[in-house]
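Biologist: I would like a close look at one part of this structure. Please take me through it step by step.

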There are 2 protein chains.
Amino acid sequence: MPSLLRRAALVLLALAAVVPAQADDGYRLWLRYDPVGAEHLATYRARVTQVVLERESPTLLAARDELVRGLSGLLDTGVASVDRVTQSGAVVIGTPRSSDLIARLGLDLTEAGEEGYVIRSGQVDGHEATIVAANTDVGVLYGAFHFLRLLQTRQPIDRLAIAEAPALDLRVLNHWDNLDRTVERGYAGQSLWDWHRLPGLVDPRYTDYARANASLGINGTVLTNVNANALVLSTRYLEKVEALADVFRPYGIRVYLTARFSAPIEAGGLETADPLDPEVAAWWQAKTDEIYETIPDFGGFLVKANSEGQPGPQDYGRTHADGANMLADAVGDRGVVMWRAFVYSAEDATDRHKQAVNEFVPLDGTFRDNVLVQVKNGAIDFQPREPFHPLFGTMPETPLMMEFQITKEYLGFATHLAYLGTMWEEVLSADTYADGPGSTVADVIDGDLHDYPITGMAGVANIGSDRNWSGSIFDQANWYAFGRMAWSPRLGAEAVAAEWVAQTFTDDPALLEPVVEMMMDSRQAVVDYMTPLGLHHLMATGHHYGPGPWVGDLGRPEWNPTYYHNADAEGIGFDRTDAGSDAVSQYHEPLATQWNDPATTPEAFLLWFHHLPWDYTVASSGRTLWHELVVRYSRGVDRVEAMQETWAGLESYVDPERFESVSQNLAIQRDEAQWWRDASLAYFQTFADRPLPEGYAPPERSLAYYQSLSFPYAPGN
Amino acid sequence: MPSLLRRAALVLLALAAVVPAQADDGYRLWLRYDPVGAEHLATYRARVTQVVLERESPTLLAARDELVRGLSGLLDTGVASVDRVTQSGAVVIGTPRSSDLIARLGLDLTEAGEEGYVIRSGQVDGHEATIVAANTDVGVLYGAFHFLRLLQTRQPIDRLAIAEAPALDLRVLNHWDNLDRTVERGYAGQSLWDWHRLPGLVDPRYTDYARANASLGINGTVLTNVNANALVLSTRYLEKVEALADVFRPYGIRVYLTARFSAPIEAGGLETADPLDPEVAAWWQAKTDEIYETIPDFGGFLVKANSEGQPGPQDYGRTHADGANMLADAVGDRGVVMWRAFVYSAEDATDRHKQAVNEFVPLDGTFRDNVLVQVKNGAIDFQPREPFHPLFGTMPETPLMMEFQITKEYLGFATHLAYLGTMWEEVLSADTYADGPGSTVADVIDGDLHDYPITGMAGVANIGSDRNWSGSIFDQANWYAFGRMAWSPRLGAEAVAAEWVAQTFTDDPALLEPVVEMMMDSRQAVVDYMTPLGLHHLMATGHHYGPGPWVGDLGRPEWNPTYYHNADAEGIGFDRTDAGSDAVSQYHEPLATQWNDPATTPEAFLLWFHHLPWDYTVASSGRTLWHELVVRYSRGVDRVEAMQETWAGLESYVDPERFESVSQNLAIQRDEAQWWRDASLAYFQTFADRPLPEGYAPPERSLAYYQSLSFPYAPGN
């Protein structure tokens, strides 16, 4: 019956939607620029009456146009664009090189560096003005977006003295987009890149993509999947890449491509792809030169090699460094090579957790200067929670860049509300002890700890052709958070969430506070209803949609959920202590010792590092492990219900279309959280052989039912 | 250099797009409802001040809401919705059953029938009013859209006396949409149906889809591909179908599904799908009953059987009638079975042109009353031009419904501008001579000729997730034309084009006239540059993108372009005379005799029916066949250039976003027309062994170059 009622409600909604009050499909992301309320209008309008740009460049025009568009919207009045200050309220933008006006002000732009900016309130030619100045055009663009954000979040703008610069050099999206427009692990429709119709058809959406990224400071985009296709390196496809690069360039976004390591064979007709073969090196050199002739600011290559069946230098008895350096030489000082550390070999029975350290640490210091090794946040694969990757802090001579996954492959796709800012903050603030206490992962990747010459952060994009870009409104927050944290890894998840909510919905505390709270709790809810207490990789096979803890028949042991939870009559968990795989030894002390002992292991990672008996006493609660698992799984479902309640109370603050889409997603999440809980407990109960504690409802259906479900067309696979 | 210039222009455009004047992405289709000009505003406003609906139903509410939305937009003022006439300018809508007011007027609604309507200017309760009345709620909805169309096309609305009813009963879209959201022969993004997130997530776009269809009178939609998947019949998927049906129902749109003939085996666990097996019939009966319990107004099944590898009754030695009738019995009087006549068997060496007649004519009169046989417009496969299908006029005892292909599988995908209204008019007005002269195809399908108890027209949809629905602005015209011609098959392509242009762009003759002219010429341009003089099926293999006349190595003869053009040193063309495959004999006299002789065969079909020497004299021009081919191929390219010129002159009448997207597509079409011409002539020249006539440029590249091109990711395959 609830289904019937819901259906009826949807029909009513469908009818209501015919005459929309203020329908909003989410396309504008956080760049909405709707008028500010009356309480800010007068003060803002007094400070902003015109945008002043003295000399033009494509990037400075983008900055000016964004300011004119944004300020005109926010102030609900036309804001003029002029080339000199004519009245009070001027917003003067430029660099000392492009603007005599800016040059005359003699601002100290040291802090702004290459990509940062300074925003100052002051007097220009006798008028009250705001100056947005930088050493480079793109710094001005970033400053313009910062200034807009101040108004969007209703900050005072009358006494500004801001200086900002990004903490990381490379802030790049990784699109796992295929040439047929499917997106690996994509839950937001097709790839934005319409390769077939490029370069002839240039979708205006590409410009909006660039605007959104520039507003966060993202300065690079890898267009193609790490499971790469050499075809993109063909001349015909490079013309298509060029068309995208031309759109992105004014926004400070450089284009990168994934390099299929065997391309010299597949595209070049050679018999080998051995990186030490001179013909191979020459092929890459010529191909790279061709790319740079087409795209002079090409960023470089991202490579997944010798991992999950991809070709690589080890196919020829060479090392990752041999492969990376050959490509790095081809690129030269024009760009970089980002070489992924997500490797596990088809033949190696070692705990996958350990393989990256085993393979890469011996190579430390042997990579070219323009190589970065790109490391996932954890050693397994973007699980709802993982301890930080042991590579962080163990390669002082090699720039390690962070790879986060924005798309929610393992956290409920696009329907589950899970704000990832908390996960990323947790990882970035984790202490590696690489140089004693206080050596956080953020200190590693921003180069502070090891004085890296180049730094970066990559995010696997959650962007697709869906009208709302990310598959859901709240998934936009993860794109936003990635960009902001790549600019400033210590910004903090809560501050970022609040920024996003204020821009995306409203700064009214009646909505902002409960929504931020909901976001801050949301990722823990997923951990609870999918993989509590350090469990991991229990998702169904292939598409990773829904629970599959019972799967144990896949070709390789480490593909199987049973390998990771290892449940038996005695207990559950993966023994990574010195009595087990000894992955703990890859961490610096005191972590290696602490995590070797369940008593000193954080409960969040208990079953990540330990196989423990069902009757093991969980310290924080005093419950048995089995009991605690039931409590956590159930708590996860409860948290989603609480999110539903929170959201239901906010209807009057949100336009109907976005309100309803979030409500619908939360209802799906509620049902799927219950499914996860019930299926997981029904399965683990067959080992634990214990009843559910009193007060906890048994699974709604039989284990056989859950095992019978199949989803051949789940997206992203 | 032109490429560089174009690229630079695009960048400028991208920048310009940042501050859009009046950007329009085409989402609103022909339902734009922008304010009418000053010259109409006063008169329209005087006649329209309120919408009056006495008693509500979901469909009447949809009608009222559309009127309120549309009229408020067109008149640029709020048009009130009330439940009785309170002032002059009332638009009174309803049925005699739902409205005492309407009943009291005593209108003659005979002509309106079950789905039609009457629109009258008159007095109601002493006030000037317009009455939109019908016998059914959906008739009112259609009348509401008609009334809106009058204003959208700037017709007078002060003395209306309109009565309309559709000529055909079933006006249905066929979506060749797969459950993984790919669309076979789809060039507009993904399937609209987000199966994975249904029924939980109901995209508001589904409502706009229903609105657009209802505005044309389309009353059914087959959601799934004719190459069917039994999974859609599972209970889990039927819940998803139900959610869509619930959205569509108020708009008078019934949902249909494709039935995979082997579903009893795949989904039911039976060992056979033999239609005469009682267990098979019982399975379909139970499944159909389950569907009707979920979706009470389910339309029925569409079946592709024993064609291109699909399972069917012939697998069990049964006939198409055996299969169709078994399903028809399961459906009963609740719906229909649409059984496709597009059959060609893997074993039959007969000219494919003849197989449908051979298989179906003997079954005439043996189908159940609720079966329609769905026949493509031509006997091959949706070529740019085909003679009408010989089945039309040869099955007097079996309702034949028309199958048109709206999506342009063989006419340049979504980038080429090709208005299909002219093609459809050509087919519908073709004389079958089934009952002497004047027995047109339209007379067959609308039942006039053979007194069919039920009639219909199907269109293979060109709709997808692209923001503009159809992949390009001008492809929207084909959706529009299909709907309008399904309602009224004798409407005429030019009238429909003018309607569409007026609603989509402007009724200003400065744009309307040249654009209609361009549309009317556009399909002939495609015929010329792809397959002139009756050539057919020369497209590249699989995806059908670009020319592939040289392909001759495919598994079955009739898959190969070489089979169809049959070029050799002597000449070119498919001999379908009595000396050849004798397909001509399947047509009524005098066509059979006329088309048996090249001298009396229309030149448009010359090489369709005849293999002729390269020196054959083409009557209309006196040129040799080779010369005429060169002229026609070249003329096709010239026509596209003329379209580019026409469009370039219209910039001031169109918003920049749509103007530019059409311009970009025309540039692609120009390049691809040249490619078609050059590749085809380079290839045919190897047989003709003659130079190009003076004044005609040789192909730009070598034949080897054209043959080397491959497009592994062309869409729609």
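Predicted model: local features only at pLDDT ≥ 70, side-chain atom pairs only at ≥ 80, totals over all residues.

Modeller: Let us start with the parts themselves. Chain A splits into domain 1 (4-164), domain 2 (170-491) and domain 3 (528-574 + 611-708). Take domain 2 and domain 3 of chain A. Their C-alpha centres are 31 Å apart. The two domains do touch: 23 residues of domain 2 of chain A are in contact with 26 residues of domain 3 of chain A.

Now the area. The size of an interface is often stated as the accessible area that is lost when the parts come together. Domain 2 and domain 3 of chain A bury about 2000 Å² between them. Of this area, 58% is on carbon and sulfur atoms. Which residues of domain 2 of chain A lose the most area to domain 3 of chain A? They are Tyr410(A), Thr415(A) and His416(A). Together these three make up 26% of what the domain 2 side buries.

Chain A and chain B bury about 4700 Å² between them, with 59% of it on carbon and sulfur atoms. Across this interface the rule finds four salt bridges. One salt bridge joins the side chains of Asp466(B) and Arg197(A), at 2.8 Å from N to O.

How do the two chains relate? A rotation of 180° superposes chain A on chain B, with 0.0 Å of shift along the axis and an RMSD of 0.0 Å. The two copies are thus related as by a two-fold rotation axis. In chain A, Gln190(A) has the C-alpha nearest that axis, 3.5 Å from it. Both copies use the same surface: 100% of the contact residues of chain A recur in chain B.

Last, a look at a fold in chain B. Eight strands of chain B form a closed barrel, β7-β8-β9-β10-β11-β12-β13-β14, with parallel pairing. Neighbouring strands of this sheet are turned by 25° against each other on average, direction ignored. Zoom in on β11 (residues 336-340) and β12 (residues 371-376) of chain B: four bridges join these parallel strands. Val337(B) stands opposite Val371(B) in β12(B). Helix α10 (residues 320-331) of chain B lies across β10 (300-303), β11 and β12 of chain B. This helix runs at about 160° to β11(B).

Note on methods
Residues numbered from 1 in each chain as written. Chains lettered and ligands numbered in written order. Heavy atoms only, no water. Least-squares fit on C-alpha atoms with pLDDT ≥ 70 in both. Contact = heavy atoms within 4.5 Å. Pairing = 2+ DSSP bridges. Helix = DSSP H or I, 4+ residues; strand = E, 2+ residues; numbered from the N terminus. Axes fitted to C-alpha atoms, helices over the stretch in contact; angles between N-to-C directions. Domains from an automatic or database assignment. Buried area = accessible area lost by both parts, 1.4 Å probe.
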